[in-house]
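Let's take a walk through a protein model together, from the whole chain down to single residues. Have the sequence and the 3D view open side by side as you read.

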Amino acid sequence: MEGGGGIPLETLTEESQSRHVLPASFEAKSLQKSNWGFFLTGLVGGTLVAVYAVATPFITPALRKVCLPFVPATTKQIENVVKMLQCRRGSLVDIGSGDGRIVIAAAKEGFTAVGYELNPWLVWYSRYRAWREGVHGSAKFYISDLWKVTFSQYSNVVIFGVPQMMLQLEKKLELELADDARVIACRFPFPHWTPDHVTGEGIDTVWAYDASTFRGREKRP
């Protein structure tokens, strides 16, 4: 059967179909580009997830109203803290324990020591250091916000604080600690308490406050 102009209908059909058939090489290239697109998308997405997972524990504390920045304790600061613990007994807690230096040093002095730290990477590193130093049995580390922890079970409290948090922490410890507890502050003193002992100079200064004393010296307006 023929169409108009004397051209067979079968010939017209074949020509029409050939116009819509893409070369095999073109399809292969398109598929290759598509695969690369999926690969790059997955790579970028995976990288962003990894960066988020690593950076979030460091960034999140900085976004809080009051936070404890990680500044490693100096050797002299650790020595001064240990000096303030002489003749002391009972358990010890380091609030914002960082890389675990104070907790490990206290454990070596015979204390059952605990560190609370918001940054999980520092907590895991602290646990490794305690294991390496052979005190993992008496030095424990936990991921926790200090404002959600009750410190009533501790006889000795160590804090490397910042001025913005010391007043609020002062009130919290007054309510929670037993009368025989001692609070040791490093770098910054508490605003209203009068220290029972002070040692060190400059950034290595350490203040020791006995609970039985500061409860009788409240001078708030």
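What follows starts with the overall layout, moves to the sheet and the helices, and ends with a few single residues.

A word first on what you are looking at: this is a predicted model, in which local features need pLDDT of at least 70 and side-chain atom pairs count only at pLDDT 80 or more, while totals for chains, interfaces and linings use all residues. Residues are numbered from 1 along each chain as its sequence is written, and side-chain values use heavy atoms, with hydrogens and water left out.

The protein chain contains seven helices and seven strands. Helices here are DSSP runs of H or I with at least four residues, strands are DSSP runs of E with at least two, and both are numbered from the N terminus. Reading from the N terminus, the order of elements is α-α-α-β-α-β-α-β-β-α-β-β-β-α. Of the 221 residues in the protein chain, 37% are buried; buried means under 20% relative accessible area, exposed means over 50%, and partly exposed lies in between, using a 1.4 Å probe and protein chains only. Among the contacts (heavy atoms within 4.5 Å) with a separation of 6 or more, 63% are between residues 24 or more positions apart.

Now find the sheet. Seven strands make up an open sheet with mixed pairing, in the order E3-E2-E1-E4-E5-E7-E6. Two strands count as paired if DSSP finds at least two bridges between them. The edges are strand E3 (139-143) and E6, each of which pairs on one side only. Ignoring direction, neighbouring strands of this sheet are turned by 15° against each other on average. Helix H5 (residues 120-133) packs on the sheet, where it touches E2 and E3, and its direction makes about 170° with that of E3. For such values, axes are lines fitted to C-alpha atoms, for helices over the stretch in contact, and angles run from 0 to 180 degrees between N-to-C directions.

Zoom in on strand E1 (residues 92-95). In a regular strand the side chains alternate between the two faces of the sheet. Leu 92 and Asp 94 lie on one side of E1, Val 93 and Ile 95 on the other, and all four are buried, leaving both faces of the strand covered. E1 runs parallel to strand E2 (residues 113-117), and four bridges join the two. Asp 94 has Gly 115 as its bridge partner in E2.

Next come the helices. Helix H3 (residues 75-84) has Gln 77, Ile 78, Asn 80, Val 81, Val 82 and Met 84 as its buried residues. These pack against H4 and several strands, including strand E4 (156-160) and strand E5 (182-186).

How do H3 and H4 meet? Two packed helices are described by the angle between their axes and the distance between the axes. H3 and helix H4 (residues 101-108) pack at an angle of about 45°, with axes 10 Å apart. They are therefore oblique to each other; under 35 degrees counts as roughly parallel, over 145 as roughly antiparallel, 65 to 115 as roughly perpendicular and the rest as oblique. On the H3 side, Ile 78, Val 81 and Val 82 meet Arg 101, Ile 102 and Ala 105 of H4.

On to H4 and H5: their axes come within 10 Å and cross at roughly 25°, and the two helices are therefore roughly parallel to each other. Here Arg 101, Ile 104 and Lys 108 in H4 meet Ser 126, Arg 129, Ala 130 and Glu 133 in H5.

Finally, some single residues. Ala 107 sits in helix H4 and is buried, with a relative accessible area of 8%. Leaving aside neighbours within four places in sequence, Ala 107 is in contact with Ala 113, Val 135, Ser 138 and Ala 139. Cys 87, in the loop between H3 and E1, has a positive phi of about 70° although it is not a glycine. Cys 87 is exposed, at 84% relative accessible area. Arg 187 also has a positive phi, about 75°, without being a glycine. Arg 187 belongs to the loop between E5 and E6 and counts as partly exposed, at 21% relative accessibility.
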